Amino acid sequence: MARNARNGSNVLVLRLERVSTVLDDMLVVTDERDALRALDWLNFEDRVHRLLRLHYGVGGYRLVQAADQSAARQSLEKYFAGDVRAIDEISVETGGTPFQREVWSALRKIPAGKTTSYGLLATEIDRPNAIRAVGMANGSNPVGIVVPCHRVIGKDSSLTGYGGGLERKRWLLEHEGVLLPTRSAAP
């Protein structure tokens, strides 16, 4: 880990912002170079802290309130306002294993308005038998929406698990122009 010029230690200083969206409030965590480190819904704040500890270690980071708006926040606001490609250029820096980062990199290549399946994603990274591992890496993504794990659906086009909830996943996909099968009425 690089030495932090501001405080002279090896502790990574991360900035936290709360961002209102049409779906709910989000937590946006960026570093001092404005790279996005974590992104999740406010009602999953515990998960954000757990993932930060997992990726950077207990005592390996310090979370402070952001003094100004990050570029990530501005791009997310544009995304929710209708510019679905505004998130494509957000700089992302994550921890995770090399395999997880490989999966997350492949997720970023799925364009807005398109979806894939776990099997196709596994094939894309030349690991066609690693479907479950790809699913686990997808579920461990600390930077939802920007690393678009919501664009992974079942091979039968069904909505599959999403850490933010299936209703949010449906909204995000429809917002990006994905035509989803209509929901059938409950019996």
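**Helix α1 and the overall fold**

In this predicted model, helix α1 covers residues 45–56, and at 1.5 Å a residue its twelve residues should span 16 Å.

Which residues of α1 are buried? They are Val-48, Leu-51, Leu-52, His-55 and Tyr-56. Looking down the axis of α1, these buried residues fall within an arc of 105°, which means that they line one face of the helix. Asp-46 and Leu-54 sit on the other side of α1, and both are exposed. As for what the buried residues pack against, the partners are the strands β1 (12–20), β2 (25–31), β3 (36–41) and β4 (61–65), plus the helix α3 (98–108).

Zooming out, the protein has four strands and six helices. Read from the N terminus, the order of elements is β-β-β-α-β-α-α-α-α-α. The radius of gyration comes to 17 Å, close to the 16 Å that the globule rule gives for 187 residues, so the protein is as compact as a globular protein of that length. Its C-alpha trace spans about 60 × 35 × 30 Å along the principal axes.

Of the 187 residues, 45% are buried. Taking contacts between residues at least 6 apart in sequence, 56% of them join residues at least 24 apart. The accessible surface of the protein is about 9900 Å², and carbon and sulfur atoms account for 50% of that area.

Technical notes: Residues are numbered from 1 along each chain as its sequence is written. This is a predicted model: local features need pLDDT of at least 70, side-chain atom pairs count only at pLDDT 80 or more; totals for chains, interfaces and linings use all residues. Side-chain values use heavy atoms; hydrogens and water are left out. Helices (H or I, at least four residues) and strands (E, at least two) are DSSP runs, numbered from the N terminus. The expected span of a helix is 1.5 Å times one less than its number of residues. Buried means under 20% relative accessible area, exposed over 50%, partly exposed in between (1.4 Å probe, protein chains only). The arc is that of the directions from the helix axis to the C-beta atoms. Contact means heavy atoms within 4.5 Å. The radius of gyration is taken over C-alpha atoms; the globule rule is 2.2 Å times the number of residues to the power 0.38. Accessible areas come from the Shrake-Rupley method with a 1.4 Å probe; for residues, only the protein chains shown count as cover.
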